[in-house]
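Subject: Structure handover

Hello,

Please find the structure below. My notes on it follow.

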Amino acid sequence: MATKTEAVSIWDLPVRVTHWSLAVLVPIMWITAENSLWYWHTRTGHVVLALLIFRVIWGFVGTDTARFASFVRGPARVLAYLRGDYDAKREVGHNPLGALAVIAMLSVIAAQVGMGLFAGDPYDGATGPLNALVGVGTADWITDTHEWFVYVVFGMIALHLTAIAIYVGVRRQKLVGPMVVGKGEVAAGVEGNSRASLGRFLGAAVVAVGVAVWVWFGAWPLG
Amino acid sequence: MTRTAIVRLIAATPLIALLGACSGEATEDAGPEEGPAAGGEPPAEIAQRQDNYEAIGDSFKTIREQLEGEAPDMAAIQTAAADINTRLQRIPDLFPEGTSMEAGYDTEALAAIWEDPDGFAEATQNAIAASEEMMAAAATGDAAAVGEQVGNLGLNGCKACHDKFRVDDD
């Protein structure tokens, strides 16, 4: 049975750049920490922070498939999806189950980056820029948690890669290509993603970078 | 970047392999190619000094935490200050030659420790001296004086030595 398909846009450029940047930078965060390269760990961490802030803003003002409101579904839809009531050729964007994974992935990385901002000890090497905002005991607890929480991040990545392997290998869905080039094959007549607005992109990017820079310099007047 | 760092970086690049193993510790102590310790145990002093510094850090944090509160527990501060002093005096025995990071061990101790033994001895003595001043301040029961010594010990003791003799590139 050959359904007639055509290529439509699925993921906008900002979503793809954010995704692949995280795919590269999260391992770099771990490697720099393992090798005590704190100069790079703290700086790269702020790039990750900016990416996360951007992705969250983009989740409200971005294209259709980037918006949380378009892909985060209630339990009924997730259950329906699990029962097989979903046609990947007729839907563009995250499926209801994958949507939960997106939220979980962003939350786990955000928690890790958030802890990093407070971690460290001023007399014992590098510190996050907000370290002085919390007490010594709190900072110590956050630092310890930040150290083991990386395994939660790894677990989430492992889940992500396993899911992709299953979808690609067993269900024969082409997931990786669209995340690279943006387009993917869907049933003829199914509408693709909306177009990205340059103005909204620039607005989101400026806010994201601005907040990350503000945090880097100690989050005045909080700091 | 140091050589170990590069070796580890290369070893760590296939993150997926790590995820398959599902345990970060695997790479930590994996390679037989990592260091002269291949096949044998690393010198016990490495773990001993790491535990020692960890304990010094804990006692130092105890003091700083007490000072953050309304009514610092002077007895706890005195105990912690004495503990720091005792442990700092063990440092000279915990750095046998050839146990640097450059020698391939899983440590942040730089070869500079043995290249500049006088400098390392001086840095250690500075820290011990600062810890004695801390003990004296704690004995007076004056929280403000202890607070001053936190800065002195932290900057002139701990940090001054870390900056020269420990991997620390922030």
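The expected span of a helix is 1.5 Å times one less than its number of residues. The model is predicted, and helix α1 (residues 13–34) of chain A is where I applied that rule. With 22 residues, α1(A) runs 32 Å from its first C-alpha to its last, close to the expected 32 Å. Buried positions in α1(A) are A:V15, A:T18, A:L22, A:V26, A:M29, A:I31 and A:T32. Just past the end of α1(A), A:S36 has a positive phi of about 55 degrees.

Next, the nonpolar cores. The largest has 30 residues, and those touching the most other members are A:V48, A:L49, A:A50, A:L52, A:I53 and A:F54. Two or more residues each come from α1, α2 (38–61), α5, α6 (136–169) and α8 (198–216) of chain A. The biggest contribution is that of α2(A), with eight residues. Beyond its neighbours within four places in sequence, A:A50 contacts A:A208, A:V209 and A:A212. A separate core of 28 residues includes B:I56, B:L88, B:A130 and B:C161.

Last, a helix pair in chain A. Helix α4 (residues 75–82) packs against helix α5 (residues 96–118) at about 120 degrees, with the axes 8 Å apart. Angles of 65 to 115 degrees count as roughly perpendicular and those over 145 as roughly antiparallel, so α4(A) is oblique to α5(A). On the α4(A) side the contact involves A:R77, A:V78, A:Y81 and A:L82, and on the α5(A) side A:P96, A:L97 and A:L100. Six of these contact residues are nonpolar, one is charged and none is polar.

Regards

Notes. Residues numbered from 1 in each chain as written. Chains lettered and ligands numbered in written order. Predicted model: local features only at pLDDT ≥ 70, side-chain atom pairs only at ≥ 80, totals over all residues. Axes fitted to C-alpha atoms, helices over the stretch in contact; angles between N-to-C directions. Helix = DSSP H or I, 4+ residues; strand = E, 2+ residues; numbered from the N terminus. Parallel < 35°, antiparallel > 145°, perpendicular 65-115°, else oblique. Contact = placed C-beta atoms within 7 Å. Nonpolar A, V, L, I, M, F, W, Y, C, P; charged D, E, K, R; others polar. Buried ≥ 20, exposed ≤ 12 C-beta atoms within 10 Å, placed from the backbone. Core = buried A, V, L, I, M, F, W, Y, C linked by C-beta atoms within 7 Å.
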